[in-house]
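Welcome! Open the structure in your viewer and follow along, one selection at a time.

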Amino acid sequence: FDLWGGRMERQVLFRVLRLMAVIVGMFSSSTFLVIYNKWFVTVCPQNSPQQSATSSPTPPDETNATSSSSSSSPISTTCRGFGFRYPVFLTATHMAMIWIVCSVLIHVLRVVPRPSVSRHVYIRFILPFAVLVALDIALSNSAFLHLEASYVEMLKSGTPAAVLLLSVVTGLESLQTWNAAVIATISGGLTIASRGEARFSLIGLGLVLFAVFSGAVRMVLSQFLLQKNLSDESRNSINNSTTTSSSPSPSTTALNESTNENEEDAASQ
């Protein structure tokens, strides 16, 4: 295929298209999941049982005045939500569905090879990783009860800054000028967004910040685990190459044997 003055092979083109489809599907499903979770856990006042139990009939004059004022107001107060009050149960359902899909892909369809992990690595790295993933999703879903979905996503956009800060603290990366500038810029943007938020809640803000911290720790832990595996693989390859180079080759062994035989013949003569 001729593309932008160059030539691209069919396999490379299919790979690029597949990667683009995966990226678009990932962003689309993530956006849909955020909006759906917000709608699912939003409790409207008219649907609340406490509101319906404590509500009293209003006189006709007050009803007409309220309806006329609401119709003249440019801001709509319509609340749309399912009213599901158990975000942690929603997270448990997400985790169970992920386990089912992964089990089918690994054990039934065998699309993904079955990983072989030692118990030490599983307990020390993978189990905390799973706990952090569950905490991130549970805290984010709980924050939807107190904050708007757009504001939650704006706060969670500070995750790269938290990851960078934790990487510097743990020694995975060194603090540089541009790193400090990125952290300061993201922190300033989040401060401006929080200042202008109409529906602000300290409880929701705390939940999102804990979710951001959990996600940052998860990212740092995954980077440490991957770097550890790469260093182990490189160390093993270096040891194997050293062992191979230190052992004599078959041609060298044959040459040494022939030399020894010639020396023995000369000595006998």
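This is a predicted model: local features need pLDDT of at least 70, side-chain atom pairs count only at pLDDT 80 or more; totals for chains, interfaces and linings use all residues.

Residues are numbered from 1 along each chain as its sequence is written, and side-chain values use heavy atoms, leaving out hydrogens and water.

**Whole protein.** Colour by secondary structure: you will find ten helices and two strands (DSSP runs, H or I of at least four residues for helices and E of at least two for strands, numbered from the N terminus). From the N terminus, the order is β-β-α-α-α-α-α-α-α-α-α-α. Of the 269 residues, 21% are buried (under 20% relative accessible area with a 1.4 Å probe, protein chains only).

**Helix α4.** Now select residues 87-108. The end C-alpha atoms of α4 are 31 Å apart, which agrees with the 32 Å that its 22 residues should span at 1.5 Å a residue (1.5 Å times one less than the number of residues). Show P87, L90, T91, H94 and S103, which are buried; the buried residues of α4 pack against α1 and α5. Just after α4, R110 has a positive phi of about 55°.

**The core.** Next, pick F144, L147, V152, L155 and V208, which touch the most other members of the 18-residue largest nonpolar core (buried Ala, Val, Leu, Ile, Met, Phe, Trp, Tyr and Cys joined through side-chain atoms within 4.5 Å). Helix α9 (202-246) gives the largest share, five residues.

**Last stop.** Centre on F144: beyond its neighbours within four places in sequence, F144 contacts V34, N37, K38, V41, A149 and V152 (heavy atoms within 4.5 Å).

How values were computed:
Buried means under 20% relative accessible area, exposed over 50%, partly exposed in between (1.4 Å probe, protein chains only).
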